[in-house]
Amino acid sequence: MRVLVVEDDHEVARLVSAALEHGGYVVEQAYDGREGHYLGNTIPYDAVVLDLGLPELDGLSVLRRWREDGRRMPVLILTARDSWRDKVSGLRAGADDYLGKPFELEELLARVEALIRRASGHASSQIQCGPLILDTHTTRVTVDGTPVELTGYEYRTLSYLMHHPGKVISKTELTEHIYHQDFERDSNVIEVLINRLRKKLGTTRIRTHRGKGYELAVH
Ligand code: CA
């Protein structure tokens with residue numbers, strides 16, 4: 001899962017990004033509204049953390065433009081602590097949730113997790129597909145109750161597939177959601193990751209659709 005953080009306070013951006021990366025997400029940062037708007041318009045993020053007070057273009061305008069252009073990724077806005085007006089305008093402009101500054105990183109992480117889960121139709125932090133259970137909060141994975149150790153990239157790949165069960169996901173789509181923008185794209189890397197996951201989870205869990213992509217078995 002890939003998350004964009006748009007925040008002009010570098011220290012806050014660094015802390016938020018570190019917390020999200022620790023939570024298993026790929027994170028990219030923008031420090032002003034114009035760059036943030038551009039990235040959100042060109043890259044398929046799974047969620048965005050958007051500060052409202054931004055140079056170049058304010059957060060509300062960024063959000064309105066995304067929504068006008070049909071960008072539907074979940075957006076969590078960061079507002080001044082007691083500004084109910086900011087929260088109301090943000091929600092009206094198309095925000096999915098808000099958090100008043102200052103905030104606890106743990107709460108931000110929980111809210112981003114919840115937004116991504118809801119966007120893919122999951123109500124709790126435990127996502128189950130047959131014998132597989134992935135907990136988006138603890139980032140633990142079990143097969144038939146037995147814990148499985150996954151590397152960061154293996155976890156992100158599985159997490160993306162589990163958020164879209166029964167859907168064929170192309171290598172390009174997987175690459176876009178598990179790697180940073182500047183990563184040298186090589187579809188062989190995805191094949192290697194999928195093969196390693198099959199060894200750890202059982203060979204029948206992930207199906208290959210030749211020339212199209214991969215599908216996680218639902219049952
Ligand atoms: Ca700001």
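View 1. At 30% relative accessibility, aspartate 8 is classed as partly exposed (between the buried limit of under 20% relative accessible area and the exposed limit of over 50%; 1.4 Å probe, protein chains only). This is a predicted model, where local features need pLDDT of at least 70, side-chain atom pairs count only at pLDDT 80 or more, and totals for chains, interfaces and linings use all residues. Numbering runs from 1 along each chain as its sequence is written, and side-chain values use heavy atoms, with hydrogens and water left out.

**View 2. The calcium ion and its donors.** Asp8 (OD), Asp51 (OD) and Gly53 (O) coordinate the calcium ion at 2.2 to 2.4 Å (donors are N, O and S atoms within 2.8 Å of the metal, or 3.2 Å for Na, K and Ca; water is not among the atoms, so sites may look incomplete). Aspartate 8 sits in the loop between strand 1 and helix 1 and aspartate 51 in strand 3, so the pair ties together parts 43 residues apart in sequence. Aspartate 51, at 5% relative accessibility, counts as buried.

**View 3. Helix 5 and its surroundings.** Residues 105-119 make up helix 5 (helices are DSSP runs of H or I, at least four residues; strands are E, at least two; both numbered from the N terminus). Its buried residues include Leu108, Val112 and Ile116. Among the elements covering the buried residues of helix 5 are strand 1 (2-6) and helix 6 (152-163). Glycine 121 follows helix 5, with a positive phi near 80°.

**View 4. The whole chain.** The protein chain has 8 helices and 11 strands, and 49% of its 219 residues count as buried.

Methods:
Expected span 1.5 Å × (residues − 1). Contact = heavy atoms within 4.5 Å.
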